[in-house]
Amino acid sequence: MHSSSLRFFLSLNLSLLLFCGASFFSSAMAGLTALEALTEQLYDFIQSMEDDGIVDYHFKDCYNMKEANGPFLFIELIPTYISDSETTLEEMTAELDQPLVKFKHLEQLCTRLKGGTACIGACRVATSCGELRRAAIAKNKDNCLLRLEMIKGDFSILRNRLEAFLELERRIVTNDYQGC
Amino acid sequence: MATSNGSSTGTKITALVVDDDRVINAIHCKLLNKLGIENHVATNGKEAVDLHCSGKKFDLILMDRDMPIMNGIEATRELRAMGVRSIIVGVSTRSIKQEIQEFMDSGLDDYQEKPLTSSKVISILRKIDFVD
C-alpha cells in the first residue's frame, strides 16, 4: 500500500477509536451522574421520612447495611416486613372481634409487630404498638380498639412511603436511571 | 454468669440468632455479617436447644424472649442446664423492669432492647474481650 494511503488509513482508524472511546466515556459519566442524582433523591426521601417522624435513624442504618450484604437487601426485606405486618394486623383485628378477647394473645401480637417495626426504624408504628400493648395489659377493649385503628392509620402511611422508597431503590439497583 | 469460651472455629466469632420473626432474623444476621461474625439462625427456643444437642457451639447467642414452641426464657434455662457457657444476650422490645429481670434470671449474661445496633453488639463483644 502507498505510504500516504497507509497513513490515511491508520489516522482514520485512530480517529474512529478515539470517537468510540469518547462516546463510551461520555455515556458512562452521564450514567454515573444519573446514579448520583437518584441516590441523592433516595437519601432526601429517607430524610423526609425522618423529618415527618415516620422513621428514625435506625432506618438509614439498616439501609446502609446493604454495603456489606448486597444491593438487594432492602428490596427483599421491606416487602417481607409489609406482608408480615399486615398478617399480624389482621390477627389483631380478628382477636378484638371475638366476644371474649384473649388479651394475652393480643399482647404477644403487639410484641411481634413492634419487634420487626422497631428493627427497621419505623418508630411511629413501633410507638403505637407499645400503646396498644399497654391497653391490652390493662384489658381495656375500647382502648385496644382505638389504639388498633391508630396503628392501622400509621401503618398505612408507613406502607405508602416505603413503597415509594422501594421504587427509587429498585431503579438504583437495576441501573434504571431514565428520567433522572 | 458464663464466661467466654473462645471462638468455636478458632478464628472467627460465631453467633446464633434465635428469633421467630424473619425480618428481625434477616436484620440481625446482616448486622453480624457486617461485623465479620459468622452466624446461624434458629426460629424458636427448641431449635436452639436442638442445635446444641447436636453438638453445635456458638460464642454468642442472641435470644428473643417471645417465640412459639419454646420461648427465650425456657430456652435459656434449658441451655444453662445443659452446661452451655456461651454468652447469651436477651433481645426483646419489652421494657418493663420485672419482665427484663425475669428474662435475666433465666441465665442471660446481658439484655438489649430491640433494635440491635452495631454499637450494642460491639459493646457486648468488648465485655467478653472479643474485640479491642
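Domain bounds, as used here, come from an automatic or database domain assignment. On that basis chain A is divided into domain 1 (3-74 + 165-178) and domain 2 (83-158), and the centres of domain 1 and domain 2 of chain A, taken over C-alpha atoms, are separated by 40 Å. The model is a predicted one, in which local features need pLDDT of at least 70 and side-chain atom pairs count only at pLDDT 80 or more, while totals for chains, interfaces and linings use all residues. Residues are numbered from 1 along each chain as its sequence is written, chains are lettered from A and ligands numbered from 1 in the order in which they are written, and side-chain values use heavy atoms, with hydrogens and water left out.

Between the two domains of chain A, eight residues of domain 1 are in contact with nine residues of domain 2, contact meaning heavy atoms within 4.5 Å. Domain 1 and domain 2 of chain A bury about 660 Å² between them, 61% of it on carbon and sulfur atoms, where buried area is the accessible area (1.4 Å probe) that two parts lose on being put together, summed over both. On the domain 1 side, A:Ile54, A:Asp56 and A:Cys62 lose the most area to domain 2 of chain A, together 53% of what that side buries. Across this interface the rule finds zero salt bridges, a salt bridge being a side-chain nitrogen of Lys or Arg within 4 Å of a carboxyl oxygen of Asp or Glu. Three residue pairs in polar contact (both at pLDDT 80 or more) are found across the interface of domain 1 and domain 2 of chain A; a polar contact is a pair of N or O atoms within 3.5 Å, of which, within protein, one must be able to donate a hydrogen and the other to accept it, and residues adjacent in sequence count only if both atoms are side-chain atoms.

A nonpolar core is defined as a set of buried Ala, Val, Leu, Ile, Met, Phe, Trp, Tyr and Cys residues joined through side-chain atoms within 4.5 Å, with buried meaning under 20% relative accessible area, exposed over 50%, and partly exposed in between (1.4 Å probe, protein chains only). The largest such core holds 65 residues, of which A:Phe59, A:Phe74, A:Tyr81, A:Met92, A:Ile120, A:Leu158 and A:Phe165 touch the most other members. Helix α7 (residues 141-173) of chain A gives the most to this core, with 11 residues; helices (H or I, at least four residues) and strands (E, at least two) are DSSP runs, numbered from the N terminus. Because domain 1 and domain 2 of chain A both give residues to this core, it lies between them.

Chain A meets chain B through 21 residues in contact with 19 residues of chain B, and the two chains bury about 1800 Å² between them, 68% of it on carbon and sulfur atoms. Two salt bridges are found across this interface; A:Arg133 forms a salt bridge with B:Glu99, the closest N and O atoms being 2.6 Å apart. The largest share of the side of chain A that touches chain B, seven residues, comes from α5(A). A:Glu107 lies in helix α5 of chain A and is buried, with a relative accessible area of 9%; a polar contact of 3.3 Å joins the side chains of A:Glu107 and A:Arg133.

Chain B contains five helices and five strands, following the pattern β-α-β-α-β-α-β-α-β-α along the sequence.
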